[in-house]
Amino acid sequence: MLPGINSRMPRQGRLVRKYFFIFATLIGGGMITSGLLEIYFRFYENQEQIAATQAEAAKAAVSKIAQYILEIEGQMKTATLSRVVAISGLGPEYRFELSKLLYVAPAITEVAALDGQGTAQLHVSRFRALDPTEKTDYSKSAAFLQTQQGVTFFGRVYFLRDTEPYMSMAVPIERFPGSVIGVLLAEVHLRYIWEIVRDIRVGKAGYAYIVTRSGDVIAHRDIDLVLKRQKADHLEQVKAALRPAPVIQKPESMVTSSLSGEKVLSSYAFLPGLDWAVVVEQPLGEAYETLYASLFRTSTLLLLGFGMALLAAAYVARRVVQPLHTLQRGVERIGKGDLDFRLQIATGDEIQTLAEEFNQMAAALRDAYANLEDKVRERTQELVIANERLKEVDKLKSQFLSNVSHELKTPLTAIGSLVDNMIDGLTGPLNGKQTRYMTGVKESTERLARLISDLLDLSVIETGKTEVRPARFSLDGLIGEVVENLKPLAVEKGISMEIGQNNGDATAWADRDKITQVLTNLIINAVKFSPAGGSLRLGMAPASDASFLEVSVSDTGPGIPPTEVERIFHEFYQINQPGREKTAGVGLGLAISKKLVEMHGGKMRVESVPGQGSTFFFTLPSWRPGAGPSLSTRGTVQ
Amino acid sequence: MKFAVLLPCLLLAASIGLAIGPSQTTRVNRVVVVLHGPAVGNLPQVNGLRAGLEELRYNEGENLALKFVRDENLPLMRDRLRAELRRGDIDLIVALGTVETVAAKAVAGGVPIVFLPATDPIHSGFVSSLATPRANMTGLTFFIDSESVGKQLAVFRQIVPSLRHVITLTDGRPDGGMNNQLRARLKLTAGRLGLELSEVAVASAAAVGGEVLSHSKRTPGTGVFVVCTGLFRRLIDLAQAAAKLRAPLFGCSAAQVAEQKVLMTYAPDLYAIGYRGAWYVDRILKGAAPQTLAVETPRKFDLVINRKTAQEIGLKVPPEMLMLADRVFD
């Protein structure tokens, strides 16, 4: 496709898309950039805040647990401050104080009062019936030895029946401050801490648990993990919590896996006196719930804003391009000829100015076109009138010729008869001079008669009165017959005549008289223009259209200049060429012959080489079996 | 031009359509509660179980169906449980005691069992260990071990200092409802406390014969100590008869002390056991395997005294024991 054409092809929506992407990129790009930055900073700020909150939760959990242990320690110390101890030491009366301790401290399941030598003087159990006579020796125990120094003892966690976590605690028994007379040793059931740990809530699903240095979970929201002696020392947060560190540990937070493999946000704190780590975990989804919700809101607003920006971009693009589309459609209509169309654009900008210019241009074009049409209509009318007049003149001419010819032919015939009679001596003998004059008169009369005859023929043809009567005849025979008739004429001029060999069928379907006339005209012309001693050749062959036969007549005359080839078939036209012999005739023979051929549906043409001769060709219908009389029987030739 | 409208619309739709969550269907969990005894009435375990389940968002008639299978005749109870299980669709069996657990174990097939509670589940053959049961059942124990029975006897003695002879009442199982360890522990403790001990096995507390009561009539300072392996639930007749003979009666639950004129008990809180049992039910209904759920032991025994009954039998409860009592009914 040509570039020029391509450039005029409609490109629907290209400009809209271009403007849309420009606006969308500018507005949406700005929004997305600011939104993403907002999300980024909010994410990290909230993450730090959540981590800090989580760490505070761990710290609070440690504080609660420490407080609970201290409460038990305080209850034990209170039990040592009984007046009974001051009065009677660790006698049987003190048993009630121990029972009271079990009553006020449910976590303590057994308590024993050791004397200064580490022997259990009294032993009370919540679940066991003990032998009152049994005096167990604890003098070598760490609990006794440490507590003797006036320091509270916290033992390592152990599991009774391999399931229940317990811990030994011991406080000194003092008769008065600084006077240690024994040790109060208690077994603390750590499942009570479970209630504290269970009640530590971090969010909805957050929880806390306690891990000992050995990695045993001793308190967890899911008590089952404790009873099954779940180990947690493989967890990253537990390793970090139990890592040797300064006494005062700063709570930390990290994203790790929980005991169940769930992703959690963990924070931890350390209980140095007990060598326990308190870990607080919250499912990551919940820990970051507010963060995710915030991100979701921001993202949603961003998407909504972006969507609105795109809509606005689309709207603006349409607004900008719409007048251009209107302009384009208007110009197309004007270009297609609708010069009354006017562009209606009221944008108040350059596009409106351009539209007004187009409107003015269309108005000017319409005016110019209207003037042109008027002139064309006027000229056409004049031509029609002139044509009618010409037709009338031509008709008058034909009638005139017909009338004149007819009127002339009658006296000429009479003159010819009279002259013949005189030459034949019917009016008496003529001398030589008279005979010569009469002969001249006779020739002139005959030439005039032929001229009139031609004029009559032409007149008949042009008035449409010529009738073609097709019949089947042998073209070879016709050619031979015409040649034979005209042979004397050629012999007289010393011109040889030759008929070419025909190998095919030469049966024609035409008006034999008309074709005889055509052939006669062509041969007479050929004889007329051929110099003495020249030659003339007739040929016949099937035409390129198989339903026609083509006849040719060649001479060795002076030929026809190329510029004259078309004109020689015009009526009354004769070639006026310097050096060319002026011949008799008025220039109607070829015109009549051509018209007669065309009345048969054939064509006549000439091929000529100046100085060498000319060949005239004409075609006529050949006879075919079953062919009917298809030629028009009457008509004119244009 | 269409894309210019389509793209924002898609973005808007995407931003709006993110809040649709999946729909949930309610499944009804079918739990059979097995009880060897009379009508359920005001059983503390059942009350605790219901409260715990409700707290865990189980509502009867909505997502929970509790079906009670009970009979005072143990074989009949077992047959009824078997028939219930044959109907299918049972998710879990809750056995409200040791004998119920034995019966449930015999007919449960693959249905998991939660015992609320069972006595010494290891020696009863229910689980292989408390931490990892390795059986299709788990739950809570009533006694920690045989020493707990000794402790109960000792506390009985502390409340009734005049006690000289104790008739231990056990259920009617072939082993007397009390395995050898318990029996040995009671004997040991009784010896330490200077008590005479005799054992009577009956199918139910209501069937306690005149022999028991006549024995207490003959021997001053006789008390009746119900060994809480069978969790005799109806002690009112026995308590009234004992009261007439001024014989103290040691029961198994605070409810018996409060409602059936039983003098005292020192035992775990059955309501708390039922309440905690709801956690096991929940975990198993949610797909946990019973063998992975550790058996819990009671953290605390409650000392519960009926001071009115004490007055009726002419007993003066030591004031220090009243002070140490968790609950005192007047």
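What is the handedness of the link of Cys228(B) and Cys252(B) about the S-S bond? The link is left-handed, with -100° about that bond, and it is shown in the first of the views below, which come from a predicted model. Local features need pLDDT of at least 70 and side-chain atom pairs count only at pLDDT 80 or more, while totals for chains, interfaces and linings use all residues; side-chain values use heavy atoms, with hydrogens and water left out. Residues are numbered from 1 along each chain as its sequence is written, and chains are lettered from A and ligands numbered from 1 in the order in which they are written.

**View 1. The disulfide of chain B joins Cys228(B) to Cys252(B).** The S to S distance is 2.1 Å, and under the rule that a disulfide is a pair of cysteine sulfur atoms within 2.5 Å, the count over all chains comes to one. Cys228(B) lies in the loop between β8 (222-226) and α8 (236-244) of chain B, and Cys252(B) in the loop between β9 (249-250) and α9 (254-259) of chain B, so the pair ties together parts that are 24 residues apart in sequence. Helices (H or I, at least four residues) and strands (E, at least two) are DSSP runs, numbered from the N terminus. Cys228(B) counts as buried at 0% relative accessibility, and Cys252(B) counts as buried at 1%, where buried means under 20% relative accessible area, exposed over 50% and partly exposed in between (1.4 Å probe, protein chains only).

**View 2. Strand β6 (residues 165-170) of chain B is mostly covered, with six of its six residues buried.** His165(B), Ile167(B) and Leu169(B) point one way from β6(B), whereas Val166(B), Thr168(B) and Thr170(B) point the other way. In a regular strand the side chains alternate between the two faces of the sheet. β6(B) pairs in the parallel sense with strand β7 (residues 196-201) of chain B over six bridges, and Val200(B) in β7(B) is the bridge partner of Leu169(B); two strands pair if DSSP finds at least two bridges between them. β6(B) also pairs in the parallel sense with β8(B), over five bridges, and there Thr222(B) is the bridge partner of His165(B).

View 3. β13(A) and strand β15 (residues 535-542) of chain A pair in the parallel sense over four bridges, and Met497(A) stands opposite Leu536(A) in β15(A).

**View 4. Residues 1-7 of chain A have pLDDT under 50.** pLDDT is the predictor's confidence in each residue, from 0 to 100; its mean over chain A is 84, and 93% of the residues of chain A reach 70 or more. For residues 1-7 of chain A the model has three contacts beyond four places in sequence. Over residues 632-638 of chain A the pLDDT is below 50, and this stretch has 22 contacts in the model beyond near neighbours in sequence. Where pLDDT is low, the predicted coordinates should not be read in detail.

Notes:
Contact means heavy atoms within 4.5 Å.
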